[in-house]
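Hello,

Here is the structure I promised to pass on to you. Have a look at it first, and then read on for my notes.

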Amino acid sequence: VNHRTLFQRGAHDEFIIQDWDIGTLRQLSIWHDAKGSDPHWFLDKVVVTDQQGRACTFKCGEWLSPTEGQRKLRAELTP
């Protein structure tokens with residue numbers, strides 16, 4: 001994680017998981033529990049980069065929110 005407060009508006013959150021070979025990515029599931037003072041996420045995209053620098057981008061462009069957009073808390077994304 002590259003800063004103290006996660007998932008803030010306009011933020012770029014980065015997580016590093018080392019020494020874990022997940023193979024070829026075909027799908028990514030992302031969700032949240034709608035808890036907290038502002039349970040509305042607009043998810044632009046998720047980029048997964050391996051240790052060799054190869055990146056796989058999962059575009060979303062939707063709200064993950066109980067009241068915004070399609071009112072869903074989960075997205076199933078493909079590259």
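Strands β2 (residues 41-49) and β3 (residues 55-64) run antiparallel and are joined by eight bridges. Please keep in mind as you read that this is a predicted model. At one end of the pairing, T49 has A55 in β3 as its bridge partner. Five residues lie between β2 and β3, and the two strands form a hairpin. If you click through that turn, stop at G53, where phi is positive, at about 90°.

Now for the wider view. The protein has four strands and zero helices, so you can read its elements from the N terminus simply as β-β-β-β. Its C-alpha atoms fill a box of roughly 40 × 30 × 20 Å along the principal axes. Of the contacts between residues at least 6 apart in sequence, 38% join residues at least 24 apart.

Next, the inside. Which residues make up the largest nonpolar core? There are ten: L28, I30, L43, V46, C56, F58, C60, L64, A75 and L77. Two or more of these residues come from each of β1, β2, β3 and β4 (74-77). With four residues, β3 gives the largest share of this core.

Setting aside neighbours within four places in sequence, L77 is in contact with R26, Q27, L28, I30, L43, F58, K59 and C60.

Buried residues account for 16% of the 79 residues in the protein. The accessible surface comes to about 6600 Å², and carbon and sulfur atoms hold 47% of that area. On this surface, L6, F7 and F15 make a nonpolar patch of about 280 Å². You will find L6 in the segment before β1 (28-31). Is L6 buried, partly exposed or exposed? L6 counts as partly exposed because its relative accessibility is 32%, and that class lies between the cut-offs of under 20% for buried and over 50% for exposed.

Happy browsing, and do write back with any questions!

Best wishes

Notes
Residues are numbered from 1 along each chain as its sequence is written. This is a predicted model: local features need pLDDT of at least 70, side-chain atom pairs count only at pLDDT 80 or more; totals for chains, interfaces and linings use all residues. Side-chain values use heavy atoms; hydrogens and water are left out. Patches are made of residues with over 30% relative accessible area and no salt bridge: like charges are joined within 9 Å, nonpolar side chains (Val, Leu, Ile, Met, Phe, Trp, Tyr) within 5 Å. Accessible areas come from the Shrake-Rupley method with a 1.4 Å probe; for residues, only the protein chains shown count as cover. A salt bridge is a side-chain nitrogen of Lys or Arg within 4 Å of a carboxyl oxygen of Asp or Glu. Buried means under 20% relative accessible area, exposed over 50%, partly exposed in between (1.4 Å probe, protein chains only). Two strands pair if DSSP finds at least two bridges between them. A nonpolar core is a set of buried Ala, Val, Leu, Ile, Met, Phe, Trp, Tyr and Cys residues joined through side-chain atoms within 4.5 Å. Contact means heavy atoms within 4.5 Å.
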